[in-house]
Amino acid sequence: MSLKSFHDMKGTVVSAENGEALPKASITLTKTGDASATKYANVNTDGRFTMGAKGDESKGLTPGIYQLTVKCRGYKTVTQEVIVPSGNEDTVEIGTIKMVRGVYGNCALKGYVYDIATGRTTGVDLYVTLRNGINNTSSAPIDSCNLESDGQYLFNVPVGTYTITVEDKRALVSDSERYQPTSVTAVVEDGSSRFHTYYSNKTYLYNGKKYADLDLDDTSSYGPETTTIYYKNGSGVYSFYVHDFTNRSWTNSSALAESGATVKVYEGSALKETYKVPSDIGTVWHVFDYDAGTGALIPINTMSNQSSPGDVGTMSIEDGISQEERDLEIIFNDLEEK
């Protein structure tokens, strides 16, 4: 009469790329034909793991065929068949398991989501979707995930171009009004060149350097939207506008004035100024100017009309006077009154 044997199993999990231990890997071991005998383990900082307990009837592994599954975020799942032999062997050593990066591709697409108000990463109730192509927000996602608590997302994909969408599950609303805010006009380099970032031209690059970017363009609700200026030309004046895209052809529209829209200006994570939409009719709200030479924020708070989003801040459709000339006249008149 032979004694029933109970074994443990040991192994190591490392990255196939560089041989480094993968301490965040998780192990599942399921006995064929007996799901109740499933065991779980985590990998330690050295990449080692132990499952079962030799000689322990309640925790040990009985002889048979098992399915070993190894998972680690950012790596392709490994599954393999493992045999626990009969007899009185103490330990089943399965050696080193090498994991390859990628779930369905070989490139890691990784990033973080930041709260614009605090400057810190955030993952609370945020949902990330991944789609093929540039600026693609309508086709079926090819992958999705909830953010990690540190605000990180990670997709593993083949070489290509992708669109990442972040949704706040707490603020998803349905509405009939659609605004395309945050247009930026600025003078760069020698003062003769201008750029304009808005929903159809979100990023401005000069000599390979990104100067400004419409980071978040909300087309499904009431915002928020964010525009970031990465590099400032000391002789530049940066103008910020909000355009009522929905009512852009209606010169008597009061929708923007009645929207309750606000614009907040941050320097890093510090709130510098808050502007509220004026009560005048119009489809273009010129919120403020920023003088990069002095660092001064100049409140404008004027309303005008413009049907073409690409022309916001460049030319008035009513009289051909440039928007900048009109706004400078307002500033100078205001200074004279003071």
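I looked up the second largest pocket and noted a volume of about 340 Å³, taken as the space filled by probe spheres set on the grid points. The model is predicted, with local features needing pLDDT of at least 70 and side-chain atom pairs counting only at pLDDT 80 or more, while totals for chains, interfaces and linings use all residues. Residues are numbered from 1 along each chain, and side-chain values use heavy atoms, without hydrogens and water. A pocket here is an open set of points on a 1 Å grid where a 1.4 Å probe fits, with protein on both sides within 12 Å along at least five of seven lines; lining residues have an atom within 4 Å of a point. I found K24, R73, K110 and E148 among the lining residues. β8 (107–112) and β11 (152–157) each supply at least two of the lining residues.

**Core.** I then turned to the largest nonpolar core, which has 23 residues: buried Ala, Val, Leu, Ile, Met, Phe, Trp, Tyr and Cys joined through side-chain atoms within 4.5 Å, buried being under 20% relative accessible area with a 1.4 Å probe, protein chains only. V13, I27, L68 and V70 have the most contacts inside this core. β7 gives the largest share, four residues. Beyond four places in sequence, I listed M51, V82 and I97 among the contacts of L68, contact meaning heavy atoms within 4.5 Å.

**Confidence.** I recorded a mean pLDDT of 75 for the chain, on the predictor's scale from 0 to 100. Strand β13 (residues 180–188) is lowest, at a mean of 36, and β1 highest, at 93; strands are DSSP runs (E, at least two residues) numbered from the N terminus.

Terms used
Buried means under 20% relative accessible area, exposed over 50%, partly exposed in between (1.4 Å probe, protein chains only).
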